[in-house]
Each structure stands twice: as structure tokens, then as C-alpha cells.
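Here is a briefing on the structure shown below. Please read it alongside the sequence.

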Amino acid sequence: MKALRQYLDKIKPKFEPGGKLHAFQSIFDGLETFLYVPNTTSKVGTHIHDSIDSKRIMSMVVIAALPALLFGMYNVGYQNYAAAGHLADASFFDLFFFGFLAVLPKVVVSYAVGLGIEFAWAQWKHEEIQEGFLVTGILIPLIIPVNCPLWILMLAVAFSVVICKEIFGGTGMNIFNVALCARAFLFFSYPSKMTGDTVWVASNSILGFGYDLPDGFTAATPLGEIGVGANVPYSLSDMITGFIPGSIGETSVIAIGIGAIILLWTGIASWRTMGSVFGGGILMALLFKHLGMTSIDWYEHIVLGGFCFGAVFMATDPVTSARTHTGQWIYGFLIGAMALIIRVMNPGYPEGMMLAILFANMFAPLIDYYVVQANISKRMKRLTKNNK
Amino acid sequence: MANVIKLRKGLNIHLKGTAAQTKRVVGACAEYVVRPDTFEGVVPKLVVHEGDRVDVGDALFVDKNFPEVRFASPVSGTVKAVERGERRKILGIRLQADEVQKYHDFGRRDVSSLSADGVKNALLEAGLFGYIYQLPYAVSTNPQTMPKAIFVSALRDMPLANDFEYELQGNERDFQTGLTALSKMATTYLGIGKNQKADALVNAKDVEVTVYDGPCPAGNVGVQVNHISPVNKGEVVWTVDPTFVIFFGRLFNTGKVNLLRTIALGGSAMASPMYVDALIGTPFSVILKDALTRQEDLRLINGNPLTGTKSCLEDSVGVKTSEITAIPEGADANEMFGWIMPRTNHFSTSRSYFSWLMAKKAYDLDARVKGGERHIIMSGEYDSVLPMDIYGEFLIKAIIVGDIDKMEQLGIYEVSPEDFALAEFVDSSKLELQRIVRQGLNMLRKENA
């Protein structure tokens, strides 16, 4: 290990201003801080620091998303083999490996395009690489249908990283959730690749795994079927374990639940936001059911579609959510309620989680403004009272 | 029964090298160095020249803006040299001490019969008034301010902090006299911790005693002010370190200035952590002779690890030197894969580490920042360790953008940089919050001048 450190120290000057490889300094820095905790010591202020840093936090979120990713891979295989009618003679390995081959290119493309832009941008701005995209990069493949072509995924990632994040100033400054922006870009630019009944089940075999499905094969998501008034052919246990068509990572409540436990336990996600999203969703679902506007029960609304995934991984993004405790309650509730309103009251969109979260992202600064303003008013009142 | 205020927010950090309650006395040394910049916010103007003779208590320098505020010499002797830095800034006044100390006699006084002005003038005359600090701005105050209250916090709860109850032993009478003197000038509040049982604290007279029950920073005087009498725009409260209350008491009881203070020597790089008695101005090189376990890779701190200043052996005892802390610097640590390793010997508030399992474990932390500086990403980090009715994160943002109106509205007059020390510790974005707050306070002080 010492040799590695010595080697890095030896080549470091080449990347510094004036060095031959200065154009790649941000890549070198990124690699060095990935390998070693920076040795920088404090200059002013506290002399000791908590060991938590942005890298560790982002790594934890990625770890929390892994169960959903792994299950998503398995489910991609499961759906393909089930559609082809060969579920019985396929092993666990067949299903998983087919899904792995179908999903991996999306993860690779997402990271390659996003990190590429991040590195170039950091170099251009002479800043350190920010770790935000580590999370975004894994969330984007999880929220798209498995049949989404790679080239439009590239476009979406590039769009969201540049337009929704970097021009605002990078991680910590963006207004809208970057991963959801990528999805929204796809949703509105390429609706035929994002919705409907042909995108949710992988339809071609890969390297001998899986089956080519017939051209006319269709499979809608349960919410899609409910939207057109059809009955849902899945049991509640399938909905909870996740053996249903849907975006890659959103189907399994159990896998998402493991992620939620990791995020809440490490304190990275706000339990207020997450709880409040569920609260808002459940309350609205009960209300709609009571009014006879929806055919399914509240718990089905919660376990179907992207509700859980959005509540756990998207709504809790600290940058784009409300930052005050009171604000987080309101913000979360708004998401939960809005997602149900879009699902039930809007005939065009069977799912509403993405739009609800983007909508609430927009309102988060306003919510915080009023919460902070209450504190300010209290202080002003004290001042005028004392001056009387 | 004293009023009890319970605080929930905050964080106690246990570090290796807590000072044992034994004391050694640093005897007289040949040279002392008084450093004016240890008094925050004072623009020093020398009133002595090289070669001048001074007695203990004679003024060495005054505040340029308030010349009546004099700063007493801790020893008698000759002014050997005046050290200056850039733009002739006074860095230190080097004094050659007499073998037999001569004291300027200010005359004993019975504080109970003194008026507010009597106390104030006595402190001004003896060069001790500058030890009184104030909120807003957290600077050394001036005699023209009219405090609505005076706050003394006898609770020191920062990591490796000097235990005031230990310092108080033998100084009880002077402490009480000092409190009585302060109470002549304004209502005086004494804040103590729930574990402090010393009679001189619990039953202190002429002051309102409040017990603060909660983790660090319950001992911060700013936090205590915020809970009892928050500072509004235009108001001033005075804050006095309990050590200086003893200084004041000694003045009235003996008629002499005696700037002997008790200092905790702590930290994992201290050979035997303990207490010492030393005069203001005593060079660290004398105090720390043979006291350190290492000379290289050493972070020496004038004060505690959260609020102290980076120091060296040439430094000397000053206003904030209630502790001298020595920890490893860590500049050659080269720790691998910090973003994923379990790092069981690290302390963190995050449960992605295991320190939550070992609440009582004392840690050996070095001076590394342990991460790169980022924009503020996580929410609620600052507020979790700031037990004040203030939105810390929003205040910090207002200061960063220099929005004076917002700073006022969000309560900048109520805070001092030390109140953000824990927030700076826990901050995953690694921002220098204390520097930012000081910058904001200076901005407003200039604006309101």
C-alpha cells in the first residue's frame, strides 16, 4: 500500500497547474480521494471533525439502493421467462443473469455519461469532484422501464446533469431531483418508450439467456391496467415481493424497505419526510376510496407503482426537499397527497409519483421560507415589544 | 431551588487525555508575553515603550477606540520588546519579570458598599474591564454599553474542558466577591451544570443561579443567554468567563491584580494530562516543558479542540487559555477507503460508523478535516447540535451571501462563533462555520458602528 501512496505522490505534480497532465487533474483528485481520506488538516475553527463526509453519505445511499437493483435484475428475468411461459424450467441463476445482462448496460451508461460530464465540469470550474452523481447514477436505471433504449438514456442523463444540476452550481444547489429530471425528460420526450404496455418486460434474449417474445406481446403495469378499468391479475403478495411489471427498481416493496431501513438507521434520510409521504398518500387513498373514485384499496395504492421507491429514495433527497423539520412534514405530505391526486383524478397518467415529487421540489423553498419566517416574526415581535 | 433548564440538542465528545485533577504550579519565569489579539475586537494601542518599567496591574496597552479600557500587566518588570507583524500590528509585548514582584496597590474595597460606577471604575482602573465580553458580536466590551444583564457560565462542557469546580477550589471567596461586584452593574445570571455541586456555585449569592441539564454546548454562555434573555437588536448583555470573575474578586479582596489562572493540559499527545496554575502571559514553552509525548505531527491548541486556536510553543497564556490541548496532527495518516471502511476507532454522529455503540469510549482524534469541502447538502445537521431558537443553516447561508437584513432577522446578535463549534464538528460538508460566523459578526459590527 505504501508503494501505491508513493506512486501517487510521484505522479501528482504532473497533474498540478503547469504539469503535463493538468487537463486531467479532476480525475486524479477524484481517484486519490477515492483511495485515501484527504490528509488536509483544519486551519481555523474546530480542530477535530466528525468522520462523516459527503463520500460516505453517498456510498450509504448507493448501498441502500442495491437491494432494489438486485431484485430489479431478478424480476426482469422473471417477467421475461414468465411471459415466454418458461418459468418452470428456468433456474434462479437463469432469471438473475438474464436480468443482470439487461440492466447492467443501463447502469454503465448512466455512470459513464454522468460521471464523464461531472469530471469535465469539475475540471472546467477548477472544483473538486462532487459525489452527488454516485447516487443519481444508480437511481436513474432503477426508475426507467427495462426496454428503454440506451441512446435515449444517454440523452436523459446528459440533460439532467447539465441542465438540472450543474448550471445551478452542482450538488447541493439544484432545485429539482436530478434522477427524476432524467425520468421526466424521457417521459415527455419519448412517451412511447416510457409508458404503455410494451416497455415493461424485456422482449429479447441476451447471450442465450431469456426468450424472444412475440411482436404482439403486451404487459401493462398494474396501475396502467387499473387506469383503463381492467382488473389487476396479481396477488397482493406479488405486489409486495415485486413480481410485477414496472420500472426496474420500483416493484419490490421488500427490497425498497431494506433500503429504507438503511437510510433511516444511518440518519441520511429524514424520517419526517418519508413518514409524511406515506401519511399523505394513505390519507388521500382512503379519501378517494371513500368517495368511490378509485377501485383499489389504500394499501394497494401504496405498494403499487413508484410510490414506495419515490418516498424512500427520491422525496428524501436532502438537497431538493424542505430543510426545516416543520417544512419536511408539509413537503412529504404534499408529495403523498399529490401523487394520489394525479393517479386518481388525472385520466392521462396512471402514475403520479414523479410529477408529485418534482412539484413538491418546486415548493420546498417556499415551505421553508414560511417556516423560517415564523421564527423571524417571533424575533421581530420580541423586538417591538421591548421597544414599547 | 435554582431554576433548571433542560436541553436536548447537543453532543458530548469523549476524547483521550482528560486532565487528572492534580495540579502543578508553574513557578516564576524570566519572560512573559502578553498578546493583545487574545482580546477579541480590541484595537490595541501601546502605552508603554521598550525599556519601561511596569508593576503588576499597570496598563500595557489600551483600546484605541476606548482609551479608558486599559489592559493590566500580569507581572512586574521591564518591557523587553514589542513584537510586531504586518502593518505594525502588535503581536506580543515581551516582559522581563522582576525576581520579586511588585504590585500596584489599588486598595481593598468592600464591594457590597460600591455603586455600579464604583465597580466599573475600579475594574477600568485596574486594567481588568476588558475581560468582560459582550453579545452581540462576542467581543471585549466597552464601558459605554449599558448591559441588560450579565451572564457567567461556570459550566465548561467542551471536550477536554477545564473543570471549573476544580479551578474554583480555594478561590470560592474571590469568586463570590466577583459575582457580587458584577451584580452591582446589572442583574447577573450564573449558569451551572446539573453535576456541579460546589456550594460556592449552587448557593452563590447576589446572582440568579440556573442549572443547565443537557449535553454540550449547554455550557456556552450564548446558549444560556438565548434561553433566559435573548439579545435583540440594540441590546447588549455582558458575558464573563468564571475565571475572570475570580480575577475581579481578587482585586476587590486584596487590592491587587492577580492574573493567575488554572489551565487544563489535555489531549492524547500530553504525557500526563493534568492541571497547572500559570499567569496570563506565561509562555507555552515553559508550561509544556517535558509535557508532550511528541514534537512532530503535533497539533497544539490554545483552548479546547472545538473552540481553541491553532498554537505553537512560542504562544503564551491568554484570555481563552482555559486549556492547552495537544493532539496528533494526522497530516501523514494516509487512511484508505474511508468512504466504506468500518473505521471503529473513529467518532461520528452518523450511524454509518459504530461509535453509537460505544457511548463511553474515549477517542483519539487528529486534526484532519476528513473530507472535502462541499455545498451544504444534508439538512438539519447544524440544528441537531444547536440548542437555541435559531435556524443555524439559514443564518450561515445569510452570512455567506452577506445579506445583513437576513442576518439580523435570523438572530445573528444572539450567537457567537463558539455556538457553531459543534455544528462545524458534525458538518458533513466540512464548512468553516466559526470563521463564517465571525466574518458575519465583524460585518455587522462595522455596519452598526
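A residue is buried if 20 or more other C-beta atoms lie within 10 Å of its own, exposed if 12 or fewer, and partly exposed in between, with C-beta atoms placed from the backbone. This is a predicted model, in which local features need pLDDT of at least 70, side-chain atom pairs count only at pLDDT 80 or more, and totals for chains, interfaces and linings use all residues. Residues are numbered from 1 along each chain as its sequence is written, while chains are lettered from A and ligands numbered from 1 in the order in which they are written.

**Confidence**
- The model scores ipTM 0.93 and pTM 0.93.

**Chain A overall**
- Chain A has 16 helices and zero strands; helices (H or I, at least four residues) and strands (E, at least two) are DSSP runs, numbered from the N terminus.
- The C-alpha trace of chain A spans about 70 × 65 × 35 Å along its principal axes.
- Buried residues account for 51% of the 388 residues in chain A.
- Two residues are in contact if their C-beta atoms, placed from the backbone, lie within 7 Å. Of the chain A contacts between residues at least 6 apart in sequence, 71% join residues at least 24 apart.

- Helix α12(A), residues 271–290, has 20 residues and reaches 28 Å from first C-alpha to last. That is close to the expected 28 Å, where the expected span is 1.5 Å times one less than the number of residues.
- Its buried residues include M274(A), V277(A), M284(A) and F288(A).
- The buried residues of α12(A) pack against α11, α13, α14 and α15 of chain A.
- G292(A) follows α12(A) and has a positive phi, near 75°.
- A102(A) sits in helix α4 (residues 92–125) of chain A. A102(A) counts as buried because it has 23 C-beta neighbours inside 10 Å.
- Leaving out residues up to four places away in sequence, A102(A) touches V76(A), V146(A), A202(A) and I206(A).

**Interface and core**
- 61 residues of chain B contact 48 residues of chain A. α10(B) gives the most to chain B's side, with four residues.
- By class, that side has 26 nonpolar, 20 polar and 15 charged residues. Ala, Val, Leu, Ile, Met, Phe, Trp, Tyr, Cys and Pro count as nonpolar, Asp, Glu, Lys and Arg as charged, and the others, Gly among them, as polar.
- A nonpolar core is a set of buried Ala, Val, Leu, Ile, Met, Phe, Trp, Tyr and Cys residues joined through C-beta atoms within 7 Å. In the largest, with 234 residues, I335(A), I357(A), L128(B) and L395(B) touch the most other members.

**Backbone features of chain B**
- The L135(B) to P136(B) peptide bond is cis, with omega near 5°. P136(B) lies in the loop between β10 and β11 of chain B.
- A138(B) is in the loop between β10 and β11 of chain B. A138(B) is not a glycine, yet has a positive phi of about 55°.
- The C216(B) to P217(B) peptide bond is also cis, with omega near 10°.
- F337(B), not a glycine, has a positive phi of about 45°. F337(B) counts as partly exposed because it has 13 C-beta neighbours inside 10 Å.
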